[in-house]
Protein chains: 2
Amino acid sequence: MRIALDAMGGDYTPKNTTEGAVLALKEYADIKKLFLVGDDIAIRNELKQLNCHDPRIEIFHAAEVVNMADSAAKAVRTKRDASINRAIDLVKNGSADAMVSAGHTGAAVAASVLKLRTLKGIGRPAIACLLPTAVKGKVFVLIDAGANPNSTPENLLQFGIMGSVFAEHVLGYKKPSVALMSIGEEDMKGNDITKEAFKLLKNSDLNFRGNIEGHDLFENSADVVVCDGFTGNVMLKTSEAIAHAIFSWLKQELFKTPILKLGARLAKGAFKAIRDKTNYEEYGGMPLLGVNGTCIIAHGGSTPLAIKNAIRAAVESIKHEINPHILLEAQAYNDKFVTSPTQVQ
Amino acid sequence: MRIALDAMGGDYTPKNTTEGAVLALKEYADIKKLFLVGDDIAIRNELKQLNCHDPRIEIFHAAEVVNMADSAAKAVRTKRDASINRAIDLVKNGSADAMVSAGHTGAAVAASVLKLRTLKGIGRPAIACLLPTAVKGKVFVLIDAGANPNSTPENLLQFGIMGSVFAEHVLGYKKPSVALMSIGEEDMKGNDITKEAFKLLKNSDLNFRGNIEGHDLFENSADVVVCDGFTGNVMLKTSEAIAHAIFSWLKQELFKTPILKLGARLAKGAFKAIRDKTNYEEYGGMPLLGVNGTCIIAHGGSTPLAIKNAIRAAVESIKHEINPHILLEAQAYNDKFVTSPTQVQ
């Protein structure tokens with residue numbers, strides 16, 4: 001398995017990316033080659049400091065970096081030698097089986113679509129994000145977590161198909177339940193887009209259980225929760241913000257008196273367990289499903305551990321043959337439900 | 001001040017609504033009359049049990065109730081004698097200055113728009129919701145929290161104007177900062193609707209600070225955060241779910257060993273402080289801004305305390321003359337920025 005890592009994508013690069021790559025190589029024997037894409041000298045320095053001489057590493061020089069202020073489309077068109085573009089080029093020309101980036105999400109999506117194209121039967125790709133539930137070890141898939149700020153009902157249906165494939169083949173859930181994110185459980189609740197998507201999902205062969213509200217997300221969730229990328233991204237970041245705010249407010253309160261402080265010290269283990277549960281690092285990267293190649297999007301602030309887990313996500317996506325399964329399911333849907341093949345594109 | 005309370009709206013009625021009304025009457029001397037709208041006998045029973053003989057209470061009989069499964073539009077058209085419709089009728093015919101309901105939000109919005117109409121210069125009303133920040137006692141306004149699942153850029157601009165009026169006149173914030181909920185801080189990030197709304201907000205006289213992401217909501221927020229009602233409702237419910245999940249997971253963890261249990265007992269005060277901060281009951285109801293009358297939407301699961309605080313929100317909205325101020329600001333915007341008065345309707 002050959003992976004291309006955008007070594008310059010993220011807030012702390014190439015330090016965290018290089019460290020994460022080295023961690024991944026130690027753990028995953030499946031990786032036969034790992035391209036570190038980015039500034040040759042800077043990456044070489046990091047490897048030297050880590051005293052890493054793993055022959056599976058190959059530095060692939062890229063002179064430019066996409067910044068958060070760049071527009072996605074412009075970054076792809078004008079910064080051809082940016083690390084993120086070069087990493088995707090390696091997938092496109094067959095040198096790598098997957099690419100991982102903690103950089104500009106919009107640029108990663110735009111470059112993937114432009115260079116790799118979407119899979120047959122899939123109009124737009126979507127980011128699948130894993131979130132915790134009340135049941136220990138059990139997660140659910142939120143799709144789309146931010147690839148498409150604007151989505152059509154057909155897009156949402158396809159997100160459901162892709163999320164279901166991911167839940168079945170990577171997470172091992174049998175006949176995964178699929179729900180549509182909305183503002184009420186009743187069938188007719190939603191906006192114009194979700195109301196149309198509801199009909200498509202209901203008529204499909206998916207194990208569709210209807211609308212789901214925020215209230216039920218973490219304690220009575222479906223295996224796959226479908227939404228447009230604007231809503232998904234806002235939800236995801238708001239959830240992170242709430243979890244962070246609660247812990248930081250709690251910390252302030254717990255420092256107010258010696259008794260509270262003592263209580264906090266004794267209860268430390270419980271806080272840590274919850275922090276781990278809500279910590280994105282554990283889940284690694286988020287696959288961009290629906291493009292003709294394997295792309296994993298990692299958190300901008302990724303630590304080495306998060307990068308390592310994002311690389312693990314790439315390994316798993318390839319191992320479980322996600323793309324062939326998506327192709328099959330999209331084809332099956334089109335054959336059965338779409339009379340004119342141009343309707344779902 | 002005369003308030004009409006939908007005594008049958010909510011999960012525990014007319015018990016919680018009646019108890020909340022009695023609490024409010026004890027606390028707010030401004031209330032000269034409080035209509036309890038709903039089933040005459042059931043409400044009379046509750047008042048008897050509470051041993052309440054306050055002469056300011058008037059029971060207004062309504063034979064029907066809007067259920068959560070009813071469609072909003074149908075509820076208004078076919079259940080004319082529903083408590084929620086009758087409460088709004090009392091505002092319409094001038095018998096009451098405000099109405100409060102913990103019932104079907106969609107029905108409350110639809111009935112308010114149909115019966116009271118929107119204020120001049122406002123196309124659609126919006127629900128303003130108060131959320132906590134890191135700074136003790138300081139809250140921010142999320143608008144729209146769920147009145148409109150579909151919003152235009154012009155709607156979002158008007159939500160900004162109304163939210164700003166509310167933050168200034170009810171919360172007492174000087175020249176409130178207004179931000180647009182989006183998926184990136186940069187100006188060009190967003191979906192098609194928010195990108196257009198960004199331009200309108202930037203060109204207005206509001207203290208617009210640009211896009212805001214979920215990450216910054218609770219610790220570096222604006223005074224007013226604008227979004228469409230679908231996104232706002234999903235955000236709000238997801239936030240509640242996350243807070244609830246964290247506390248319930250923490251509780252499970254804290255019961256695992258005697259030392260954790262002891263720690264939890266000592267740290268109890270801190271947990272309570274955070275619970276209070278994230279407890280919707282404290283904030284009372286959410287005003288539906290932009291209709292020609294005062295309407296307060298309360299949480300479906302409202303406790304008597306939450307109902308009391310929702311009634312307080314009604315008292316404050318009237319006292320601070322929110323509607324006259326919204327009319328003035330909408331007019332000022334139209335005079336300055338809209339050449340043809342039909343553009344903003």
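Author: Chain A is divided into domain 1 (1-119 + 290-320) and domain 2 (123-283). This is a predicted model, where local features need pLDDT of at least 70 and side-chain atom pairs count only at pLDDT 80 or more, while totals for chains, interfaces and linings use all residues. Residues are numbered from 1 along each chain as its sequence is written, and chains are lettered from A and ligands numbered from 1 in the order in which they are written.

Reader: What makes up the contact between domain 1 and domain 2 of chain A?

Author: Domain 1 of chain A puts in 16 residues and domain 2 of chain A puts in 14. Contact is a distance call here: two residues count if their C-beta atoms, placed from the backbone, lie within 7 Å. On the domain 1 side, helix 5 (105-116) and helix 12 of chain A each supply at least two residues, and helix 12 of chain A gives the most, with five. By class, that side has six nonpolar, nine polar and one charged residues. The classes go like this: Ala, Val, Leu, Ile, Met, Phe, Trp, Tyr, Cys and Pro are nonpolar, Asp, Glu, Lys and Arg are charged, and the others, Gly among them, are polar.

Reader: And what makes up the side of chain A that touches chain B?

Author: There, 49 residues of chain A are in contact with 50 residues of chain B. The elements giving two or more residues to the chain A side are helix 8 (229-254), helix 9 (258-266) and helix 10 (268-277) of chain A. Helix 8 of chain A gives the most, 18 residues. By class, the chain A side has 28 nonpolar, 13 polar and eight charged residues.

Reader: Why is Glu321(A) called partly exposed?

Author: Its count is 14 C-beta neighbours inside 10 Å, so Glu321(A) falls in the middle class. Glu321(B) is also partly exposed, with 14.

Reader: What makes the phi of Glu321(A) stand out?

Author: Most residues other than glycine have a negative phi. Glu321(A) is not a glycine, yet its phi is positive, about 50 degrees. Glu321(A) lies in the loop between helix 12 (304-319) and helix 13 (322-337) of chain A. Glu321(B) has a positive phi of about 50 degrees too.

Reader: How do you know which way the peptide bond between Thr13(A) and Pro14(A) is set?

Author: From omega: about -5 degrees, a cis bond. Pro14(A) lies in the loop between strand 1 (2-6) and helix 1 (15-27) of chain A. In chain B, the bond from Thr13(B) to Pro14(B) is cis as well, with omega near 0 degrees.

Reader: How do you know that strand 7 and strand 8 of chain A pair?

Author: Strands are DSSP runs of E, at least two residues, and helices are runs of H or I, at least four, each numbered from the N terminus. Strands pair if DSSP finds at least two bridges between them. Strand 7 (residues 177-181) and strand 8 (residues 207-212) of chain A run parallel and have five, with Val178(A) opposite Phe208(A). Strand 7 of chain A also pairs in the parallel sense with strand 9 (residues 224-226) of chain A, over three bridges. There, Ala179(A) has Val225(A) as its partner.

Reader: What makes strand 7 of chain A mostly covered?

Author: Four of its five residues are buried.

Reader: How do you know that helix 7 of chain B has about the expected span?

Author: The expected span is 1.5 Å times one less than the number of residues. Helix 7 (residues 192-203) of chain B has 12 residues and reaches 18 Å from its first C-alpha to its last, close to the 16 Å expected. Its buried residues, including Ile193(B) and Phe198(B), pack against helix 6 (153-169), strand 7 (177-181) and strand 8 (207-212) of chain B.

How values were computed: Buried ≥ 20, exposed ≤ 12 C-beta atoms within 10 Å, placed from the backbone. Domains from an automatic or database assignment.
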